[in-house]
Amino acid sequence: GRAQSATNISVGYIADFPNASVLAIADNQKLWEAEGLTADAKVFTNGPIQIQAMGAGSLDFGTIGPGALWLPASGRAKVISVNDIGFSDRVIAQPDIASIDQLKGKKVGVPQGTSGDMILRLALEKAGMTVNDIDMVPMDPSTVVAAFASRQIEAAGIWYPLITVIKKQVPEMKELAANADFYPDTSFINTLVARNEVVDQDPEKVKKFLSVMKKAIDWRAANLDESIELTTAYLNAPKEAVENVARSRKLLTSQELETFTKDGTVESWLDQFNKMFVEFGQLKEAMPPKEFYTADLFLSA
Amino acid sequence: MNPKISFKDVSRTFDVAGRPIFKALDRFSLDIEDGEFITVVGPSGCGKSTAMNIAAGLLQPSSGQVVVDGVEVKGPGPERGVIFQQYALFPWLTVRENVEFGLRLQNIPKQKRREIADHFIDLVGLKDFAHALPKMLSGGMKQRCAIARAYAVNPKILLMDEPFGALDALTRVQLQDQLLQTWSKERRTVMFITHDVDEAVYLANRVVVMAARPGRLDRIIDVGLPYPRTEEIRLSPEFATLRNEVWRAVYHPAAAA
Amino acid sequence: MNPKISFKDVSRTFDVAGRPIFKALDRFSLDIEDGEFITVVGPSGCGKSTAMNIAAGLLQPSSGQVVVDGVEVKGPGPERGVIFQQYALFPWLTVRENVEFGLRLQNIPKQKRREIADHFIDLVGLKDFAHALPKMLSGGMKQRCAIARAYAVNPKILLMDEPFGALDALTRVQLQDQLLQTWSKERRTVMFITHDVDEAVYLANRVVVMAARPGRLDRIIDVGLPYPRTEEIRLSPEFATLRNEVWRAVYHPAAAA
Amino acid sequence: MIGLNIVALVFGLGFWQLVTSLGVVGLPTPVQVFNQAIASISSGLLVSDALASLARVLTGFILGIAVAVPVGFLMGWYPTARGLIEPYIQFFRTIPPLAIIPLAIVTMGIGEVPKIFVIFLAAFLTSVVATFQGVISVDRTLINAARVLGARDATIFRRVVIPASTPFIMVGVRIGLGSSWATVVAAELIAAQSGLGFRMQQGQLYYDLPVIFVSLITIGILGLIMDRIVIAADRRLTAWQEKA
Amino acid sequence: MIGLNIVALVFGLGFWQLVTSLGVVGLPTPVQVFNQAIASISSGLLVSDALASLARVLTGFILGIAVAVPVGFLMGWYPTARGLIEPYIQFFRTIPPLAIIPLAIVTMGIGEVPKIFVIFLAAFLTSVVATFQGVISVDRTLINAARVLGARDATIFRRVVIPASTPFIMVGVRIGLGSSWATVVAAELIAAQSGLGFRMQQGQLYYDLPVIFVSLITIGILGLIMDRIVIAADRRLTAWQEKA
Ligand SMILES: Nc1ncnc2c1ncn2[C@@H]1O[C@H](COP(=O)(O)OP(=O)(O)OP(=O)(O)O)[C@@H](O)[C@H]1O
Ligand SMILES: Nc1ncnc2c1ncn2[C@@H]1O[C@H](COP(=O)(O)OP(=O)(O)OP(=O)(O)O)[C@@H](O)[C@H]1O
Ligand SMILES: [Mg+2]
Ligand SMILES: [Mg+2]
């Protein structure tokens, strides 16, 4: 039976390990009940649609990847917590290309505005190049797989588990850059976000939600194998793919996140992204992280 | 007494791109009395159907007007029954449903509707084809179905465009006599187009002869023969004289005005 | 000499769901000699059009066969010209284009095609309407256009289904005489359906009388009158006798076999 | 006909098997897809997805047709209505459903309503054009015949225009049906929790081709079945036509 | 008619202005969009995008129609062809263009070919249904009339079936035109460097609503203009019809 005082919340997520695991754990460990919450979890295919749904008042909380961070940075939602850090993004190339330098003038496929796009730009920057030096071909993720596997493009900014699929077709492919190359300065963080109105009008609700999430994050860090099991069942997804992703990520504890929040690391990550968004042209000007990351709520939850 | 139908200087032109304006009907004037039977004859393309369609309210005159019962015709109405030269059956309805179409619109109850429809279907000899779709009918049968459909709504005025054109001689004579009978019994006003001079004389109070290029009224011939018309009358010398008169009128028209 | 067209025990049934099989044509046999002019009369719905469509190759017989020039008919061909009861003009072509349609298929050069088409358009009195679309024509004009179209391809066999049904009396007589003229001059074989007993006798070598329910051959009446047929012949007592004979044959048929 | 359909099917499967076993493209083989289908069926997911999508498509599609027929009539019959409505119809027909989604979310939230709306729109926009063309192609003689028997516009619409333009409406219905199914994938971007389009997108997340193919083929088969039903209805409704 | 169109337009703009100025939905106002349009025009981007998309749509659309008409004829005329082809057509009609794209890339690369192919497919699949229905709806009497004049199948197709089914083909053409434009956005997912659909996706990426709207409206307007051209052609081609 539902507790008398239960508060209903709606939570959006993307059906992959980093975004769904916290919800799977919260369900399995009955963490919602403990906080008197009843969560209605809704699956989405990407972050921006969750933010749109928030704009329409249909969603309270969501989980988004780094590519969608410009939405909170332009005031459309609030970041309430970091979830984890991804290490699945790569710049990959056909077997005959050995370094970023050799990408000059080559066709590089990239899903624009995603973490794949970011890692490509970071890698180019590191090699002293920009996107103008390559023939950047914007395409959506599954198209990148098809195009790379059939050797229509020479390189791509893309991520696991899609790279697993590509590897089956092109076993000799090269990985020219990975998230680890830029960590910790640039961390491809997954974040939890909340609708602006919820943060403004019902901070208690946010705190309750955050305290559930913190517990789930800790449980996940401590019980990775079980978390993978739970998430696989929760998503009906192929176990292998979930596992590969799960093991590639850096799973922080709430303790660590609190520390990073206090010492300004989180804000510097967000700031790092803000700069990128402005550079890419996605934002004309970004709000300072202080205004869209609710550090106080996170710490007090 | 006012005429039932009055054509007042009705003209109709057709404007076909790239050619001079074509006068299908030129200042056509005609009064048809209540209860009168008028037949219209004239060479092919002289504007007979055009005149009738204007009276039916299906075609706008370019100038002039048609007045029915003192009111200018603005559109069609069920008091003016029309039989079209090209039948115009509803191909998705059976013979009976076609005949019942007009009755439905008058909200006649099902039972009654059925009765009336069956009566007229029988009258035109389509009893065994009540359930047939138009595509299963022969040319003459289609025409008979159209006749039954027009009769069924019992209009005070009947505008008939070569209604018996596709019928064999016997059926034709039967339907002619049938038409004359109900006409006299129920005091209908009939405007009947035909290209059969015999038929024109046999049926009419007056035969209206039209001429072509431009389509116009040429002459009106009074048929002084008594009703009911019989086979005897058809064989009489008076009939022969009238027939010749109409024939001559049609084929040696006066010069255009 | 072999007959030009030979109907051999031709039957045709129509299977309309939910009703007993309908015999539109029942064991119809008829030999038409080369150069013969046959007219076909009979009550509406007796299978005249059905028989003709089978000869044209447009309808499959349920049993039996039609043999033309010693070869079984399997489909239509330009050597058998057809005039349909419902005209069947191509609505997107002008009168001239309709008439030229068959000529194009024979790869006749443009100039020549034009000449032939204009000749026949003139023949049926549509000279001024060569550029008109079918929708701009009156009923009789449409029929005349269909006639011109069939004549233009100069077929050795003409299958004509009530071709003059919608024409006024004068045009009709003109076209009858015209038809007889080219028929005798160019030795055509003609099968001509009509519901006009006068017309049937006036044109034919032999009049084929059909009966209905089931549609079948009832009787063949030899018309012993000489060609060319004239107004005089039409008014002769022999003509009147034949006419009465045909009339009686049509309307008092022998009982079904 | 069914025999030929099966020939076509077998041929198609053979071709697919050939292409994939040669390894020319990175596609799953028919056997892999079949196995995935079995797995999806036994887990019950395929059935629940199919039902979810079917419910959306049916609702959106039927609503779309039901609105398209009278609107098409209005446009065909009253030039004023045509002048006012047509630009919008033409305009929205060129806009991809993907572009409508943000608007649908903003105005209708993320429940079933916006999903059905997107499908409705697809079905409506295609059918309305066909109905309109049907209405203006109705033989004028038949309309005149009805008018002289005393029929008013409403009656003429119901008893003459609709039956006479059934062949056109059927074109709209069939194309609309295809569009509805093709749109269900886009519609299920809107926070669907199940459905064939949703499952396909999930498959795309992992590039799980067998899952994608099972969804696509199920959509294809359901579409095909519904199309057969429409054709059967069409055959009954237009039995009066003299067909070539 | 044009007058009414303008009334409709003004009304629509007014409504849009009203809704946005009330701030009920997060949409840009007409003025904002207009300013963006001016900016895009003066930067030359709008014109080059429009030309790029137009070229793709025109090519794909014309090819689609050109193939659909004979295929529709084959299907309507020869039951064997129909039995073999129809299941595929029905099947592919239900599959969203987005799902075709990876396949198109594998087989056709990332140049213009796959983009045009996707548009071609959209136009073809809708038109073929309409043509097919047109072919089977042709009055049998007209076909008979041609046959007795000596016409063979090829001639009947060209000189009778096509003109007689123009009203149907036009439905296909108009719907196909809409689909082509609606598909251009999906097609330009395939590694496009310019084009209205490409620009729209850029806009979506940056949530730049004015840019999205300018693209959408340009697509709508170009679609509308092409539709008017089709209608004008239709009017010429079917002037022989007695219209209601
Ligand atoms: N829609 C139209 N466009 C152009 N001309 C037309 C149109 N309708 C009729 N006409 C012309 O008007 C004239 C009269 O046509 P109408 O149908 O009234 O003739 P009719 O006397 O009924 O002839 P018929 O006895 O052959 O039926 C014809 O010459 C015809 O060509
Ligand atoms: N497609 C069909 N389905 C069912 N019955 C048909 C079909 N075509 C013709 N019939 C029937 O066959 C019979 C003969 O028709 P046909 O057209 O040959 O008559 P007809 O002698 O030409 O008559 P008319 O002089 O009226 O033209 C009719 O009773 C008709 O109902
Ligand atoms: Mg007339
Ligand atoms: Mg007949």
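**Exercise 1.** In this predicted model, determine which residues line the second largest cavity and what classes they belong to.

*Solution.* Step 1: list the lining. From chain C come Val82(C), Ile83(C), Phe84(C), Tyr87(C), Ala146(C), Arg149(C) and Ala150(C), and from chain E come Ala145(E), Val148(E) and Leu149(E). Step 2: assign elements. Two or more residues each are given by strand S6 (80–83) and helix H4 (139–152) of chain C and by H7 of chain E; H4(C) gives the most, three residues. Step 3: sort by class. Nine lining residues are nonpolar, none is polar and one is charged.

**Exercise 2.** Describe the lining of the largest cavity.

*Solution.* Step 1: the cavity holds about 720 Å³ of space. Step 2: its lining has 38 residues, and those nearest the centre are Pro97(D), Ala182(D), Thr183(D), Ala182(E) and Thr183(E). Step 3: H4, H5, H6 and H9 of chain D and of chain E each supply at least two lining residues. Step 4: the classes are 28 nonpolar, eight polar and two charged.

**Exercise 3.** Characterise the interface of chain E and chain D.

*Solution.* Step 1: count contacts. 71 residues of chain E touch 70 residues of chain D. Step 2: take the area. The two chains bury about 5,700 Å² between them, with 66% on carbon and sulfur atoms. In chain E, Thr94(E), Arg174(E) and Ile175(E) lose the most area to chain D, together 10% of what that side buries. Step 3: look for charge pairs. Six salt bridges cross the interface; one of them joins Arg174(E) to Glu86(D), with the closest N and O atoms 2.9 Å apart.

Terms used. Residues are numbered from 1 along each chain as its sequence is written. Chains are lettered from A and ligands numbered from 1 in the order in which they are written. This is a predicted model: local features need pLDDT of at least 70, side-chain atom pairs count only at pLDDT 80 or more; totals for chains, interfaces and linings use all residues. Side-chain values use heavy atoms; hydrogens and water are left out. Contact means heavy atoms within 4.5 Å. Buried area is the accessible area (1.4 Å probe) that two parts lose on being put together, summed over both. A salt bridge is a side-chain nitrogen of Lys or Arg within 4 Å of a carboxyl oxygen of Asp or Glu. On a 1 Å grid over the protein atoms alone, a cavity is a set of points where a 1.4 Å probe fits but cannot get out, and a pocket is an open set with protein on both sides within 12 Å along at least five of seven lines; lining residues have an atom within 4 Å of a point. Grid points are joined across faces, edges and corners, and a volume is the space filled by probe spheres set on the points. Helices (H or I, at least four residues) and strands (E, at least two) are DSSP runs, numbered from the N terminus. Ala, Val, Leu, Ile, Met, Phe, Trp, Tyr, Cys and Pro count as nonpolar, Asp, Glu, Lys and Arg as charged, and the others, Gly among them, as polar.
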